[in-house]
Amino acid sequence: MKKVIMGNHAVSYGVRASEAKVISAYPITPQTHVVELLSEMCANGEIDAKFIKVESEHSAMAACVGASAAGVRTFTATSSQGLLLMHEMLHWAVGARLPIVLANINRAVGPPWSIWTDQNDSLSQRDVGWLQLYVESNQETQDTIPQAFKIAEELQMPVMVVMDAFFLSHTYEIVDLIEAEKVREFLPPYQPEIKMDVNDPHSFGNLAGPDMYMELRYMIQEAMEKGIDVIKRVDKEFEKVFGRGYGVVEAYRCDDAETILVTSGTVASTTRAVIDEMRDEGISIGALKIRVFRPFPFEDVFEILSKAKKVAVIDRNISFGGHGIFYQEIKSALYGRTGIPILGYIAGLGGRDITPSVIREIADKALSDKNPERYINWIGVKR
Amino acid sequence: MFNYLEYIRESNFPHIWCAGCGDGIILKALIRAIDKLGMSRDESVMVSGIGCSSRTPGYMDINTLHTTHGRALPFATGVKLANPDLKVIVITGDGDATAIGGNHFIHAARRNIDLTVLLYNNYIYGMTGGQCSPMTPVGSKASTAQHGNLEPSFNTSGLAIAAGASFVARTDVYHVQQCEKFISKALQKKGFSLVEIMTPCPTAYGRRNKMANPVTMMEWLKDNMVPVAKYDKMTDQEREGKVSAGILCDIDKAEFTAEYDKLIKKVRTE
Ligand SMILES: Cc1ncc(C[n+]2csc(CCOP(=O)(O)OP(=O)(O)O)c2C)c(N)n1
Ligand code: SF4
């Protein structure tokens, strides 16, 4: 069934179809609709799940950790300050190897207060060990939720699905709704190998001395390294059932492109339109969308970008004192293997529009820039 | 007529509050109380968390600190300890103070640190559109309680008294003179002082609970706020749906920053 829904509700429908059993959340703009609809679905019996109203995001993730350890499929959603408040528990979920799925609506971090989009909230959680998938449309949002559960349960790792505030969360698009019955063909009921069980007791969160701790960290990295292949296979399996797949990266008109713009999230759609316009003008240019950020698809990125003569990365985020965060990843994907200039552009922080003309400005700058050492170019900053 | 504009930061207007919201009534009562006490605005600081209520300081021409959700009290504790001569007023909502900031609330009261806390109780998370807070009454509807709230709510004034506050009062925006009086008393009290102020949120609470009309919400306050002396004599049955109003606690006891200063002096002279 097709329905016109907002991005936030696409998340809720994805969770409904995935048959999560415990949902725990605290409201925050621009995420609130996600959990309000889920709370309604729980109340109406549309989904056989328990909704736990908690007193903060820290408790929301703690409740998810508890529920997941008890052996059920678990979900939460948040944004910005809420995600930051969860930080300690995000680490916990990884260390305990719990397959929790979280939707984060990218919102700028305060102060100064802002409710508009940028990626610093989720990207500042880069090193906690959650897988991160950045989505671009409402359809992809909905479809990525069951994919995320499947990936999480297979790797025993938590997965974050990340989307832009307002540009996606509050924008209405046509979505082909997936139903639980059909999703079951793709995502069987969750059966954890280890859970809290009175007949087979286990202890979670124990002390690990220097003789053991490192091995457990090694296993997390091992799971991450398997991640790209698992994500690709899960995506293929999803495509078999539903006819839609998304990949780990998406190359657009890159095959013969001399210059490639790298983007993520909703900026990717706008960029495609600019690429078409520039191609019509005879300019050899393409775009690469990064869908999976953790684990980072180094090889896929290398394969596509290494054929280009120049790469320009658009970052709606910044690592202060460093560079744009996607920029850094792209650089490390190409390091030592090519001499292609990689240029970095910071744009759209705090929800400032990244319009086709902004992307065109970046593309024109990149085309004419002769200085491969220009790591940070700020776009549209009033100085 | 009283000149409120003298105290208002006009550059931040128009305000964000809905028509029928009670928060502006509290703002005006606070301004009058400050004015009558002749308080120095240069030596006063308003600290707030996040929520519709926490927007209040932004509209006042005074030193202000708009912090994160639930954390106004630890920020205010820092301000007060850094300079105990400052008068520190904390603005918070029922969600801000008792959900995400619940832990800070009991600890600030326990320390009995000299802060004046105005807790705007509208029974709901107003700013995010009407989810249950820990002060939403049982049975009330919210976007996260479609069939009525199951969870018992905090008696937050009682909680503050139990935790160690030196002044606690409950009032509401209909009884606006009482509201101003209690704010004034709280401002003059040395120690942790709380004024819980019942205020209507027709948008996020009223609409879901058969009080969409702000006037109905005001009438509810008029009819259901009961003076504490009378309330104490009522049976449990008579208390059903009623809320006690008045000064619930007013005691003199050691205040944290003063004790801290004493300790420093003592240790230095020893
Ligand atoms: C860490 C964090 N989580 C969630 C939010 C979203 N949020 C903003 S205000 C609010 C609730 C406000 O309710 P209350 O304190 O009762 O104040 P009111 O708006 O009703 O005056 C919430 C959940 C936030 N800003 N920060
Ligand atoms: S939502 Fe409620 S609390 Fe917020 S401004 Fe409107 S009426 Fe006031």
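Okay, let's start with chain A: of its 383 residues, 54% are buried. Keep in mind that this is a predicted model.

So what does chain A look like overall? The chain has twelve helices and 15 strands. Its C-alpha trace spans about 65 × 55 × 45 Å along the principal axes. A compact globule of 383 residues would have a radius of gyration near 21 Å, and chain A comes out at 21 Å, so the two agree. On to contacts: if you take those in chain A with a separation of 6 or more, 79% are between residues 24 or more positions apart.

Now, the domains. Chain A is divided into domain 1, residues 2-242, and domain 2, residues 249-378. Their C-alpha centres lie 28 Å apart. Where the two domains of chain A touch, domain 1 puts in 26 residues and domain 2 puts in 20. Which elements of chain A build the domain 1 side of that contact? You get at least two residues each from α5, β6 (131-134), β7 and α8 (213-242) of chain A. The most comes from α8 of chain A, with five residues. By class, the domain 1 side of this contact in chain A is 15 nonpolar, six polar and five charged residues.

While we're on chain A, a few backbone details to look at on the screen. There's a cis peptide bond between A:P111 and A:P112, with omega about -5°. A:P112 sits in the loop between β5 (101-106) and α5 (120-123) of chain A. Another cis bond runs from A:R294 to A:P295, and its omega is near -5°. For A:P295, the place to look is the loop between β12 (292-294) and α10 (298-305) of chain A.

Then there's A:Q156, which isn't a glycine but has a positive phi, near 55°. You'll find A:Q156 in the loop that links α6 (138-155) to β7 (159-164) of chain A. Is A:Q156 buried or partly exposed? A:Q156 has 17 other C-beta atoms within 10 Å, so it counts as partly exposed.

B:N112 is a non-glycine residue with a positive phi near 55°, and it lies in the loop between α4 (102-111) and β4 (116-121) of chain B. This one is buried, because 24 other C-beta atoms lie within 10 Å; the cut-off for buried is 20 or more.

Let's stay in chain B and look at helix α5, residues 156-163. Its buried residues are B:T156, B:S157 and B:A160.

Next, how the chains meet. The contact between them takes twelve residues from chain A and 16 from chain B. On the chain A side, helix α2 (residues 32-44) gives the largest share, five residues. That side of chain A divides into three nonpolar, five polar and four charged residues.

Last topic, the ligands. Where is ligand 1? Ligand 1 lies between chains A and B. It is surrounded by 24 residues, and the closest are B:G51, B:G93, B:G95, B:D96 and B:G126. Three elements each supply at least two residues of that shell: α4 (80-95) of chain A, plus α3 (94-100) and β5 (124-125) of chain B. By class, the shell around ligand 1 has ten nonpolar, eleven polar and three charged residues.

For ligand 2, the residues around it include B:W17, the cysteines B:C18, B:C21, B:C52 and B:C201, and also B:D23 and B:N122. Sorted by class, the shell around ligand 2 has eight nonpolar, three polar and one charged residues.

How values were computed. Residues numbered from 1 in each chain as written. Chains lettered and ligands numbered in written order. Predicted model: local features only at pLDDT ≥ 70, side-chain atom pairs only at ≥ 80, totals over all residues. Helix = DSSP H or I, 4+ residues; strand = E, 2+ residues; numbered from the N terminus. Buried ≥ 20, exposed ≤ 12 C-beta atoms within 10 Å, placed from the backbone. Rg over C-alpha atoms; globule rule 2.2 N^0.38 Å. Contact = placed C-beta atoms within 7 Å. Near = placed C-beta within 6 Å. Nonpolar A, V, L, I, M, F, W, Y, C, P; charged D, E, K, R; others polar. Domains from an automatic or database assignment.
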